[in-house]
Amino acid sequence: MSARPYVLLSCAMSADGYIDDATPERLRLSSAADWDRVDGVRASCDAILVGAGTIRADDPRLLVRSAARRDKRVARGLPADLTKVTLTWSGDLDPGARFFTTGESPKLVYAPSGTAADLAPRLDGVAEVVDAGDPLSLDALLADLAGRGVRRLMVEGGGAVHTLFLTSGLVDELQLVVAPFFVGDPSAPRFVQSGVFPQSTERPMRLAEVTRIGDLALLRYLVGAGRG
């Protein structure tokens, strides 16, 4: 068994790198065709991860939407839905969020040692809280997922989580969809935040595929060794 899962990071952004605007309504960056593509990618993975901030802001379900894809997973001996994973430093999570209340697959919450001890009773019955060290360690999180049989992990944001995985050198593949417009608001969230990235002019990502999806462009990069 591998020491960690293959990590696939998926994101849609504007042409100037924003993943939302600053209005209360969610900015639509994708299309029906791309949502269906993302659903297919989800169905090929074992687990899906978002940060606690994304759960608070978007209340996502993170389910495989296509009945046919769900049936194919079951026929292969897999659960219909992916294991849902989040990480939190503060423990600010609502047990009534759809992350916890939808789907039959396990829900895992990784937190630093002190936070995990306080959070576990509050999420009892809706999720398993896992102590990921002090400070929280992505290596510990990924090793624990590998021990649970997770071979492919899909990471869907938000920006702080994208930045953490990329700067830690723990991404194998990046699927980046670029929307044909600009946001231009410095107060809006971006695809990544400031950081020291191993991906650089000296260590560039390898462009494996470019796909046109209507007016959207899908750029598929292999990052680092590009395992898998």
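Reader: What makes the meeting of Glu128 and Arg148 a salt bridge?

Author: Their side chains come to 2.9 Å, N to O. A salt bridge needs a side-chain nitrogen of Lys or Arg within 4 Å of a carboxyl oxygen of Asp or Glu, so the pair counts. The model is predicted: local features need pLDDT of at least 70, side-chain atom pairs count only at pLDDT 80 or more, and totals for chains, interfaces and linings use all residues. Residues are numbered from 1 along each chain as its sequence is written, and side-chain values use heavy atoms, with hydrogens and water left out.

Reader: Why is Glu128 called partly exposed?

Author: Its relative accessibility is 38%. Buried means under 20% relative accessible area, exposed over 50%, partly exposed in between (1.4 Å probe, protein chains only). Glu128 therefore counts as partly exposed.

Reader: Which other salt bridge does Arg148 form?

Author: Arg148 also pairs with Asp144, the closest N and O atoms being 2.6 Å apart. Asp144 is partly exposed, at 24% relative accessible area.

Reader: How do you know whether Asp39 is buried or exposed?

Author: Asp39 has a relative accessible area of 3%, so Asp39 is buried. Its salt-bridge partner is Arg69, with the closest N and O atoms 2.9 Å apart. Arg69 is partly exposed, at 22%.

Reader: What makes a set of residues the largest nonpolar core?

Author: A nonpolar core is a set of buried Ala, Val, Leu, Ile, Met, Phe, Trp, Tyr and Cys residues joined through side-chain atoms within 4.5 Å. The largest one here has 32 residues. Leu9, Leu49 and Phe165 are among those with the most contacts inside it.
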